[in-house]
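Work through the following exercises with the sequence and the model side by side. Each task is followed by its solution in steps.

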Amino acid sequence: MNTPNLGLRSAEIGSPGARPRTLSHALAIWVAAITVLAMTVLAAPVQAASKKAAAEPITQVYFIRGFMGVFSTGFDKMAKDLEKSRIHAEVYSHLSASAITAKIVREFGQSKKRRKKLVLIGHSFGGNAALSVASQLRQKDIRVDLVITVDPTRSGPVSPNVRKYVNYYFPGNGLGAKLAAKSVPAKRITNIDMRKRSDIAGEGDDHWTITNNAAITKEITTAIKRALR
């Protein structure tokens, strides 16, 4: 019996001796092609996801809203303004202190470039959370370049791993507190009495609305950019 010619034209495939082997060969080629195509399609999203994860920017600025996130809406505008300057900022609730700490620690462990500077900003209960996050990062030997608190309801904790604290507060309102320098040099802490600032303590500006004040918004974003240089 002659050896089948794998290069047979379609008219020749009809010969009794050649058809089974030629069809089997063609079927094998089709199966192989479909398998390769399927593997390529299925692998594409995974590769894209991996590239996306690798390209995810390291967060440098964390804004933490006050109670229920209702009265700290100015932080959202500040975060958007920073993004325009290619500074990656995120906004969280005051209940997210542990999640923020875990994210920073994870980024620190994943990247040798985590030494990008780090800033925490919080309002009211969010200010308390910012102080807490900085304190937790001390246990991981992670430095925080700047912590800004806006009328926090606690005076600490303050931590030696923080290079600079700036605290805006309303004295005597029953809510805001002045930061106390206990475990850090006093020169690292700047307490700003907003009642003495006519550009900040204007009509309608109080504990609840302060993050929307134009003067303090500009001052905070300027301080953040300076700290990240």
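**Exercise 1.** State in which element Phe125 is found, how accessible it is, and to which surface patch it belongs.

Solution. Phe125 is found in helix 4 (residues 125-138); helices are DSSP runs of H or I of at least four residues, strands are runs of E of at least two, and both are numbered from the N terminus. The model is predicted: local features need pLDDT of at least 70, side-chain atom pairs count only at pLDDT 80 or more, and totals for chains, interfaces and linings use all residues. Residues are numbered from 1 along each chain as its sequence is written, and side-chain values use heavy atoms, with hydrogens and water left out.

Next, the accessibility. Phe125 has a relative accessible area of 35% and is partly exposed (buried is under 20%, exposed over 50%, partly exposed in between, with a 1.4 Å probe and protein chains only).

Last, the patch. Phe125 forms a nonpolar surface patch with Phe67, Met68, Val70, Phe71 and Trp208, and together they have about 620 Å² of accessible area. Such patches take residues with over 30% relative accessible area and no salt bridge, nonpolar side chains (Val, Leu, Ile, Met, Phe, Trp, Tyr) being joined within 5 Å.

**Exercise 2.** Describe the largest nonpolar core and say which elements supply it.

Solution. A nonpolar core is a set of buried Ala, Val, Leu, Ile, Met, Phe, Trp, Tyr and Cys residues joined through side-chain atoms within 4.5 Å. The largest has 26 residues, and those with the most contacts inside it are Val61, Phe63, Ile148, Tyr168 and Ile224. At least two residues each come from strand 1, helix 2 (74-84), strand 3 (119-123), strand 4 (146-150), strand 5 (165-169) and helix 5 (214-227). Helix 5 gives the largest share, 5 residues. Apart from this core lies another, of 23 residues, including Ile64, Ala97, Ile104 and Leu120.

**Exercise 3.** Find what the pair Tyr62 and Tyr92 ties together, and classify its ring geometry.

Solution. Rings of Phe, Tyr and Trp (its six-membered ring) pair if their centres lie within 6.5 Å; planes under 30 degrees apart count as stacked, over 60 as edge-to-face and the rest as tilted. By this rule there are 4 aromatic pairs. For Tyr62 and Tyr92 the centres are 5.8 Å apart and the planes at 35°, so the pair is tilted. Tyr62 lies in strand 1 (residues 61-64) and Tyr92 in strand 2 (residues 89-92), so the pair ties together parts that are 30 residues apart in sequence. Both tyrosines, Tyr62 and Tyr92, are buried.

Notes
Patches are made of residues with over 30% relative accessible area and no salt bridge: like charges are joined within 9 Å, nonpolar side chains (Val, Leu, Ile, Met, Phe, Trp, Tyr) within 5 Å. Accessible areas come from the Shrake-Rupley method with a 1.4 Å probe; for residues, only the protein chains shown count as cover. A salt bridge is a side-chain nitrogen of Lys or Arg within 4 Å of a carboxyl oxygen of Asp or Glu.
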